[in-house]
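Try each task before reading its solution.

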Amino acid sequence: FILNEGHFDYQTNQIIEPVTLGSYNPQNNLYTIIDTIQSARFGSDLIIEGDYLYVAADNALYKYDKNTYSLVATQQIPGIRNLTIYQDKILVTRGEYMTMYDSYLQIYSTIDLSFITEFDTITGPKWSTQNMIVNGNTIYVAINNGFEWGNEKGLIGIIDMNTITYMNEIDLGIADTYIAIPAH
């Protein structure tokens, strides 16, 4: 499965090439577009879990059946960036240029994409977040504040999923570049 980012022209505020979700069969070299996400400026993440595909595209989370390619559910999430799954929960990082949120890290149900909880900027990350990685019952999240040029961060947030608690942060020092934790 392939998420094609699309092409959005920020100067004209127009979608030049829409975001598409596709599948590629290496046995016959056949690429097929599964869905075109017309309203999305860009696609930012795709993960596969069991029989489902989860897609982060612009301001929404999409759930597809990976066998029938049908869209199962959609959830509007302003600033959605990256995804990771822990049991029946999907964690979503957030960030957007020139936009501040009350929460940069939220949790939704993998079943119907309903909202479960969030870590606000008092109990969780205070700046935009990006990639995540699961290690046992712990999730590590990159906090780069990548949408506020000149105020980038070099932090790794630590979440205990047993208690769904934002534990603390590891300060990596002054960041000259974005932090990226491989999500998959």
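A residue counts as exposed when its relative accessible area is over 50%, as buried when that area is under 20%, and as partly exposed in between. Keep in mind that this model is predicted.

**Exercise 1.** Classify Trp149: is this residue buried or exposed? Then do the exercise for Tyr97.

Solution. Start with Trp149. Its relative accessible area is 55%. The cut-off for exposed is over 50%. So Trp149 is exposed. Now take Tyr97. Its relative accessible area is 45%.

**Exercise 2.** Find how the rings of Tyr97 and Trp149 are arranged.

Solution. A pair of aromatic rings is described by the distance of the centres and the angle of the planes. The chain has seven aromatic pairs. For Tyr97 and Trp149, the ring centres are 4.9 Å apart. The planes meet at 65°. Planes over 60 degrees apart count as edge-to-face, so this pair is edge-to-face.

Next, locate the partners. Tyr97 sits in the loop between strand S11 (89-94) and strand S12 (103-109). Trp149 sits in the loop between strand S15 (138-143) and strand S16 (155-160). The pair therefore ties together parts that are 52 residues apart in sequence.

**Exercise 3.** Check the radius of gyration of the chain against that of a compact globule.

Solution. The chain has 184 residues. A compact globule of that length would have a radius near 16 Å. The chain has 17 Å, which agrees. Buried residues make up 46% of the chain.

Key
Residues numbered from 1 in each chain as written. Predicted model: local features only at pLDDT ≥ 70, side-chain atom pairs only at ≥ 80, totals over all residues. Heavy atoms only, no water. Rg over C-alpha atoms; globule rule 2.2 N^0.38 Å. Buried < 20%, exposed > 50% of the residue type's maximum accessible area, 1.4 Å probe, protein only. Phe/Tyr/Trp six-rings, centres within 6.5 Å; stacked < 30°, edge-to-face > 60°. Helix = DSSP H or I, 4+ residues; strand = E, 2+ residues; numbered from the N terminus.
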